[in-house]
Amino acid sequence: MSEKLEQLGIKDSERTPCEIWTRVMGYHRPISSFNIGKQGEVAERKYFSEKKCREELRKL
């Protein structure tokens, strides 16, 4: 990804880091504040896609 941006003249040092937040126990927290075990759990999550679900149902 960064190679494509560099081809456009955008260096990694010029980019703004993106902080990812998630909802935990009724409130929102940045993933960067999680311990290593919780970060691993977040990485293993599977996300629901309504479009993908509809496509699978149409196949049946």
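## Glutamate 50 and its partner

Glutamate 50 has a relative accessible area of 46%, and this residue is therefore partly exposed in the model, which is a predicted one. The side chain of glutamate 50 meets that of arginine 54 in a salt bridge, with a distance of 2.5 Å from N to O. Arginine 54, at 45% relative accessibility, likewise counts as partly exposed.

Both arginine 54 and glutamate 50 belong to helix 3, which covers residues 50-59, and they sit four residues apart, about one turn of the helix. In general terms, side chains of opposite charge can pair when their charged atoms come close.

## A second pair in helix 3

Helix 3 also holds lysine 59 and glutamate 56, and because these residues are three residues apart in that helix, about one helical turn separates them. Lysine 59 forms a salt bridge with glutamate 56, and here the closest N and O atoms are 3.5 Å apart.

The accessibility of each partner can be read separately. Lysine 59 has a relative accessible area of 66% and is exposed, whereas glutamate 56 is at 43% relative accessibility and counts as partly exposed.

## The pair in helix 2

In helix 2, which spans residues 36-44, lysine 38 and glutamate 41 lie three residues apart, and this spacing is again described as about one turn of the helix. The side chains of lysine 38 and glutamate 41 meet in a salt bridge, for which the distance from N to O is 3.0 Å.

Lysine 38 has a relative accessible area of 24%, a value that places this residue among the partly exposed ones. Glutamate 41 is at 42% relative accessibility and also counts as partly exposed.

## Salt bridges in total

With the pairs described above in mind, how many salt bridges does the count come to? By the rule applied to this predicted model, the count comes to three salt bridges.

Is cysteine 18 buried or exposed? At 69% relative accessibility, cysteine 18 counts as exposed. Cysteine 53, for its part, has a relative accessible area of 32% and is partly exposed.

Conventions
Residues are numbered from 1 along each chain as its sequence is written. This is a predicted model: local features need pLDDT of at least 70, side-chain atom pairs count only at pLDDT 80 or more; totals for chains, interfaces and linings use all residues. Side-chain values use heavy atoms; hydrogens and water are left out. Buried means under 20% relative accessible area, exposed over 50%, partly exposed in between (1.4 Å probe, protein chains only). A salt bridge is a side-chain nitrogen of Lys or Arg within 4 Å of a carboxyl oxygen of Asp or Glu. Helices (H or I, at least four residues) and strands (E, at least two) are DSSP runs, numbered from the N terminus.
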